[in-house]
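Me: Please take me through this model, one loop or element at a time. I shall ask as we go along.

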Amino acid sequence: MALAITDATFDEVVLKSDKPVVVDFWAAWCGPCKRLQKDVFPSPQGKAALTQVVPLSLKTRTEDNSETESVWAEKAYNIEAYPTMFFLDQNGKRIGEPHLGFMMPDDFSAWVSKMADTFKKAPARSKSSKRS
């Protein structure tokens with residue numbers, strides 16, 4: 001996942017997006033998170049899937065489990081496990097159910113494609129910031 005954001009830039013990135021936003025919450029100590037970063041996102045299937053969305057990578061915990069500057073998002077979205085991935089609409093609200101844990105490149109690609117199609121079919125939303 002390529003783009004990292006802060007609390008100050010979150011609304012700008014999400015509200016200006018004409019694509020669905022997929023957020024990956026991860027911790028530096030998390031084995032499945034490392035596998036996603038190393039094996040899934042850079043795979044041909046992962047790269048192709050990520051062209052359909054705006055990918056946001058939020059590392060919220062360091063190796064010693066200390067909070068990072070992205071912990072605000074972990075708290076705002078009540079993240080309790082790593083990795084957690086979900087989609088956001090243009091208002092910063094979740095679309096569909098979050099995915100917890102590792103998935104293989106083909107599964108990741110299918111999940112992203114399904115959610116991107118759902119986003120395309122959804123009615124236009126207001127451009128006000130309301131996270132949940």
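Me: Where does N78 lie?
Reply: N78 belongs to the loop between α4 and β3. Helices here are DSSP runs of H or I of at least four residues, strands are runs of E of at least two, and both are numbered from the N terminus. The model is a predicted one, in which local features need pLDDT of at least 70, side-chain atom pairs count only at pLDDT 80 or more, and totals for chains, interfaces and linings use all residues. Residues are numbered from 1 along each chain as its sequence is written, and side-chain values use heavy atoms, with hydrogens and water left out.

Me: What is the phi of N78, and is the residue buried or exposed?
Reply: Its phi is positive, about 55°, although N78 is not a glycine. With 60% relative accessibility, N78 counts as exposed; the cut-offs are under 20% relative accessible area for buried and over 50% for exposed, with partly exposed in between (1.4 Å probe, protein chains only).

Me: What about E80?
Reply: E80 is in the loop between α4 and β3, and it is exposed at a relative accessible area of 78%. In sequence E80 and L100 are 20 residues apart, and their C-alpha atoms are 9.6 Å apart in space.

Me: Which residues does the cis peptide bond join?
Reply: It joins Y82 and P83, with omega at about -15°. P83 is found in the loop between α4 and β3.

Me: On to β3, then. How many bridges join it to β4?
Reply: Four bridges join β3 (residues 84–88) to β4 (residues 94–100), and the two strands run antiparallel. Strands count as paired if DSSP finds at least two bridges between them. M85 stands opposite H99 in β4. The two strands form a hairpin with five residues between them, and in the turn G92 has a positive phi of about 85°.

Me: And how do β1 and β2 run, parallel or antiparallel?
Reply: They run parallel, joined by seven bridges. F25 is placed opposite L58 in β2. Seven of the eight residues of β2 are buried, so the strand is largely enclosed by the rest of the structure.

Me: What follows β2?
Reply: The loop between β2 (54–61) and α4 contains N65. The phi of N65 is near 70°, a positive value in a residue other than glycine. N65 is partly exposed, at a relative accessible area of 40%.

Me: Which residues of α1 are buried?
Reply: In helix α1 (residues 7–15) they are F10, V14 and L15. Seen down the helix axis, these buried residues fall within an arc of 95°, so they line one face of α1; the arc is that of the directions from the helix axis to the C-beta atoms. They pack against β1 (21–27), α4 (71–76) and β3.

Me: Now the aromatics. How many pairs does a search of the whole structure find?
Reply: The search finds seven aromatic pairs. Rings of Phe, Tyr and Trp (its six-membered ring) pair if their centres lie within 6.5 Å; planes under 30 degrees apart count as stacked, over 60 as edge-to-face and the rest as tilted. One of the pairs is F108 with W111, which is tilted, at 6.4 Å centre to centre and 45° between the planes.

Me: Where are F108 and W111 in α5?
Reply: They are three residues apart in helix α5 (residues 105–121), and so about one helical turn separates them. Both F108 and W111 are buried. Together with F41 and F87, they form one aromatic cluster.

Me: Finally, the overall picture. What pattern does the protein follow?
Reply: Along the sequence the pattern is α-β-α-α-β-α-β-β-α, which comes to five helices and four strands. Buried residues make up 47% of the 132 residues. Among contacts (heavy atoms within 4.5 Å) with a separation of 6 or more, 71% are between residues 24 or more positions apart.
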